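Have the structure open beside you as you read.

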Amino acid sequence: MKKQNPPLIQSLQSLFSPIMASGTGEVSKKLKLYSNWRSSCSCRVRIALKLKGLDYEYIAINLLKGDQKSPEFLKLNPLGYVPVLVDGDFVVADSFAILLYLEEKYPQHPLLPKDLQKRALNYQAANLVSANIQPLQNLSVLGYIHEKLGPDEEIPLAQTHIRKGFAALEKLLENYAGKYATGNEVFLADLFLAPQIDGAVRRFNVDMSEYPILSRINEAYKELPAFQDAMPGKQPDTPPEARA
Amino acid sequence: MKKQNPPLIQSLQSLFSPIMASGTGEVSKKLKLYSNWRSSCSCRVRIALKLKEFLKLNPLGYVPVLVDGDFVVADSFAILLYLEEKYPQHPLLPKDLQKRALNYQAANLVSANIQPLQNLSVLGYIHEKLGPDEEIPLAQTHIRKGFAALEKLLENYAGKYATGNEVFLADLFLAPQIDGAVRRFNVDMSEYPILSRINEAYKELPAFQDAMPGKQPDTPPEARA
């Protein structure tokens, strides 16, 4: 396997200010996460890292300022999206890929059950969010809609996709949900649902009363430190007005 | 694990005519795939089933859906990982963790960042709000952005196929996406040398070619290859 460029990573570290999530004062950690406070995709990975007890260096990407479009960041992820995980000299982008990589490499606190059908259920719920909701209401798409149809179309469009996806999730999970999405333990599906529900409520004013299962499990997520510490309001780059 | 509703599956079977891909005349086989001939997501799963040597297909509306005995799973990515975990013959993922991650990343580049932004549903919305002339340009924009990213992602890894010299998960996502990009959206592949080259390699593989839109039980006559 060809190595990624260590010099690139060093020049990137000097470009973006590394913010220490763990606060031990160490400058170089093995794991680095390029993240944005508000990005639901970044939030999924932040939850996983906390659940697995993995220390990492938080490198903030300011999406509104366009950090993600810099040539240096595009070398890490040619799509220009957060999150990106750097593990030693290996770079992996895309939250789904990162989560599966973390699960395979760091098996503590498994994110997937052993039962094959329950795993498939988790993959399905995760991808319902990852492919059928989030990409249809991300910054990029909303910007296009803003440009072509005007700002008043943004929220309604996002709501349409979210509501369609949430209704499908209610059906998918109805025979399986327990304390959490797919039973009584936290698994992969929950890492995708928690940030999506949070965003739906905070940013897009979705009325959760139509989604009883999602509402209930969301309340359960609020009791979990690993989830709450990963939420947008508590990140190193959270702006003061959004800080929880 | 609670069972899915057998009555649902039976009513679905009576609603849609099961088309026997294998031609043996048996009505119920263990694996059933609800598929559409043109759907790139269905195509990914068809390739996997052919590589793992399952031949039964069934058409449906929301696609693809796999029924395995009394277990139902939808979403091509979920189906593919389920098939890989349950039927390990002809593995769709390498053993090396970094190479697996590369395959997941390439697969999701297509699955989350290209296909959902140019599927029937989205194109319908654009058609309604902005007119039919905006459909193809929008689809092309997303495809071209994704293909450019794939060229960068794969440049240090591609061999005969996307991530080396063996077929893996990334290829199952790329082949249908490239096929759709060319046939339906007139994307000029000359800007994407790696994708063009591996696409030619896919054309030599029966498992891939038999799974393509032009050769399905439900392919309309005018599209038949």
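This is a predicted model: local features need pLDDT of at least 70, side-chain atom pairs count only at pLDDT 80 or more; totals for chains, interfaces and linings use all residues.

Which strand does β3(A) pair with? Strand β2 of chain A, residues 31-35, runs parallel to β3(A) and is joined to it by 4 bridges. If you want a spot to look at, find A:Tyr34, whose bridge partner in β3(A) is A:Ile59.

## Where two helices cross

Next, turn to helix α8 (residues 188-202) and helix α9 (residues 212-221), both of chain A. Their axes come within 10 Å and cross at roughly 95°. Angles of 65 to 115 degrees count as roughly perpendicular, so α8(A) is roughly perpendicular to α9(A).

On the α8(A) side, the contact is made by A:Asp190, A:Leu193, A:Ala194 and A:Ile197. They meet A:Leu214, A:Ile217, A:Asn218 and A:Tyr221 of α9(A). Sorted by type, the residues of this contact are 6 nonpolar, 1 polar and 1 charged.

## An arginine in chain B

Is B:Arg46 buried or exposed? This residue sits in helix α2 of chain B, residues 40-51. Its relative accessible area is 1%, so B:Arg46 is buried.

For a sense of distance, compare B:Arg46 with B:Tyr192: the two are 146 residues apart in sequence, and their C-alpha atoms are 25 Å apart in space.

Definitions and conventions
Residues are numbered from 1 along each chain as its sequence is written. Chains are lettered from A and ligands numbered from 1 in the order in which they are written. Side-chain values use heavy atoms; hydrogens and water are left out. Axes are lines fitted to C-alpha atoms, for helices over the stretch in contact, and angles run from 0 to 180 degrees between N-to-C directions. Angles under 35 degrees count as roughly parallel, over 145 as roughly antiparallel, 65 to 115 as roughly perpendicular and the rest as oblique. Contact means heavy atoms within 4.5 Å. Ala, Val, Leu, Ile, Met, Phe, Trp, Tyr, Cys and Pro count as nonpolar, Asp, Glu, Lys and Arg as charged, and the others, Gly among them, as polar. Two strands pair if DSSP finds at least two bridges between them. Buried means under 20% relative accessible area, exposed over 50%, partly exposed in between (1.4 Å probe, protein chains only).
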